[in-house]
Amino acid sequence: MAAARSVAEDRTLYWTLSFYLPRSRIGAVPDGFQCDRSLALSQAIDPLFNDIADRSRQQKVPDRLYCAGPAETLVFAMPDLVEWMTEGSAFAVRIEPERRNRDISLRRFWYRYPDGAFSWNLGFEYRYGPDLAAERAGTVPATYYFLSLLQKLAWPKEFDPARGAEGLDALAGLTVMRGAGDAQAVPFWDFVAGCYHADRDLLETDCAIGLPAFDDAVEKVPSIEMPGLTVPANRSSFYFHDRRFFELIEPVEKGVLVKRRTRVPDAEFRAYPELIAQQKAAQSSSPHVLLGADYWRSVRRLRSRPAETRLAYLFLAGFSQNIIDFTNQEASEVLDSLDPIYPKSDEQEEEGFFVRFANPRAMITFVPRSRTLEVGNDHIGTCPYAFLIHALAMHNEALTREQEDETFRAIDEIQAKIGSGRFAEAEAQINAVRRDAFEKYERHRYRNPFRYDTERDVFEELELLRGTSRLKEAYQGALAALEEDVRDLHRRQRDKDDEHAQTQERLLNLLFGILGVSGVIQVVFQVEQFAHDRISNWQNWTFAILSLATPVAMALALPVAIAWYVRRRTR
């Protein structure tokens with residue numbers, strides 16, 4: 001008998017943290033499924049995937065879901081002091097001891113792509129409704145800061161760059177325990193590496209798939225926001241099942257959708273940066289500005305619309321941009337940050353099913369309800385529709401960035417060959433790069449396979465935001481320009497070679513002409529001598545004249561023949 005399906009509760013976050021493992025880092029992968037858990041996962045989720053996307057290649061679906069570790073319950077512990085830096089100033093909020101621990105459940109699984117690459121996915125579920133409701137007025141909104149720190153765990157931002165030497169875990173300060181009674185709290189990234197190695201062993205035992213260690217499997221990439229810091233390459237999908245958040249983003253009055261700006265008036269949000277400035281002035285001698293109880297009482301005393309509504313808007317705007325300093329915003333910043341990638345038109349807004357935001361590292365979805373979430377929740381820890389958009393966009397982005405690196409390395413080599421005049425070799429390498437691009441990348445990319453406009457539009461917007469489309473156009477344009485440059489230089493070289501050959505031929509013809517004239521002079525001289533010697537002795541003048549005319553005519557014919565030949569060759 002099938003286990004009862006858990007209910008997807010309102011005010012719950014489903015966070016999918018995904019790591020991409022390229023085909024080059026993975027060993028042999030047998031076809032088909034090798035374990036019952038993987039088959040059960042596929043039977044539950046693949047029908048939903050197939051409902052919204054056509055992933056088939058040559059009438060087959062090469063994508064595969066593989067199950068890994070069992071579901072488990074975790075406790076995430078916040079630090080006593082949450083610190084960050086923004087606009088050159090350091091800030092902090094103090095978290096009360098009773099507000100530091102958060103219960104979270106976890107599911108882990110693998111997704112295989114058509115070229116044999118994998119993504120390893122951790123599905124965290126945090127039911128934050130009770131925690132948010134328990135926060136007292138005038139205290140730090142610890143739940144909002146905890147949610148912000150989850151995104152910071154994956155991609156640090158708004159920290160002092162000098163602290164990057166302390167490592168990733170020291171920046172956010174979250175630790176993980178397995179169960180409330182587990183005294184062995186470990187830093188988040190140590191926990192992630194431990195989960196990976198456990199899942200790798202299960203995958204090798206159950207499915208005969210060999211994978212490298214975590215540090216070898218997942219590429220370390222520079223953090224743009226924090227120079228000098230590298231992070232394991234990852235992408236996130238945050239899926240908020242929250243009716244109240246959804247109604248703030250898509251407000252409705254008397255059954256009619258109204259513009260968001262009517263809920264975020266400038267006059268009501270102007271005071272927040274002013275409060276920050278007052279705190280900075282009052283604590284100018286402190287190493288950081290502590291946003292304490294007096295600050296939060298001031299925040300909640302601001303008149304007009306309920307303070308909790310304004311605070312929620314500030315949090316939502318900050319979270320969409322991965323900003324933990326969310327109270328330091330005016331109305332214009334809030335509205336800019338709450339500009340979604342879907343819906344983008346009045347017609348789409350009227351549908352009112354979900355709202356999606358995105359930043360370069362995360363896709364963020366808000367829904368008031370979701371039937372598919374009820375299915376996916378028990379298997380992959382999120383909505384299957386949202387996960388598939390997230391997973392396929394991550395694959396395309398990884399392929400594009402890898403191809404960009406290879407193409408520009410090849411361009412450097414091609415330019416060196418052009419500089420040394422090896423145009424044929426340069427053209428051959430350009431053709432080889434194009435062949436490799438098709439074989440290794442183009443044939444394995446997803447060409448927006450989604451069947452419905454909603455998913456198609458989100459996928460396209462996500463690729464634009466993450467630079468997948470832009471990067472592809474950039475390196476293809478660079479390669480095309482280089483190819484045209486090679487052809488042009490090659491053409492000029494051929495013209496130069498032809499001109500040189502013609503010059504050489506004209507010089508040779510001139511030499512022949514000089515030799516011909518010299519020969520004529522010599523012949524005439526010999527004829528004159530011949531005639532002089534014989535005319536004095538010959539009595540037969542007719543014979544003498546013929547003897548003289550014949551060599552003269554032959555001598556004159558030689559330069560005429562040379563001139564005719566030169567004229568014909570020149571033409």
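Author: Contact here means heavy atoms within 4.5 Å. The model is predicted.

Reader: Leaving aside neighbours within four places in sequence, which residues is Lys417 in contact with?

Author: With those neighbours set aside, the contacts of Lys417 are Arg422, Glu425, Ala426 and Gln429. Lys417 itself belongs to helix H15, which spans residues 384-419.

Reader: How far apart are Lys417 and Glu427, in sequence and in space?

Author: They are separated by 10 residues in sequence, and their C-alpha atoms lie 9.5 Å apart.

Reader: Is Lys417 buried or exposed?

Author: Buried means under 20% relative accessible area. Lys417 has 18% relative accessibility and therefore counts as buried.

Reader: How does Ser89 read by that criterion, buried or exposed?

Author: The relative accessibility of Ser89 is 14%, so Ser89 counts as buried. Ser89 lies in strand E5, residues 89-94.

Reader: What does the side chain of Ser89 make a polar contact with?

Author: A polar contact is a pair of N or O atoms within 3.5 Å. In this model the side chain of Ser89 pairs in that way with the side chain of Lys280, at 3.1 Å.

Reader: Turning to helix packing, at what angle do H10 and H11 pack?

Author: Helix H10 (residues 293-301) and helix H11 (residues 307-320) pack at about 110°, and their axes are 8 Å apart. Angles from 65 to 115 degrees count as roughly perpendicular. H10 is therefore roughly perpendicular to H11.

Reader: Which residues meet where H10 packs on H11?

Author: From H10 come Trp296, Val299 and Arg300; from H11 come Ala307, Glu308, Arg310 and Leu311. By class, the residues of this contact are four nonpolar and three charged, with no polar ones.

Reader: How many helices and strands are there in the protein?

Author: The protein has 19 helices and 17 strands.

Reader: And what share of the residues counts as buried?

Author: Of 571 residues, 50% count as buried. The accessible surface of the protein is about 27,700 Å², and carbon and sulfur atoms account for 53% of that surface.

Reader: What share of contacts between residues at least 6 apart in sequence joins residues at least 24 apart?

Author: Within that set of contacts, the share joining residues at least 24 apart is 74%.

Methods: Residues numbered from 1 in each chain as written. Predicted model: local features only at pLDDT ≥ 70, side-chain atom pairs only at ≥ 80, totals over all residues. Heavy atoms only, no water. Helix = DSSP H or I, 4+ residues; strand = E, 2+ residues; numbered from the N terminus. Buried < 20%, exposed > 50% of the residue type's maximum accessible area, 1.4 Å probe, protein only. Polar contact = N/O pair within 3.5 Å; in protein donor to acceptor, adjacent residues only side chain to side chain. Axes fitted to C-alpha atoms, helices over the stretch in contact; angles between N-to-C directions. Parallel < 35°, antiparallel > 145°, perpendicular 65-115°, else oblique. Nonpolar A, V, L, I, M, F, W, Y, C, P; charged D, E, K, R; others polar. Areas by Shrake-Rupley, 256 points an atom, 1.4 Å probe, with all protein chains shown as cover.
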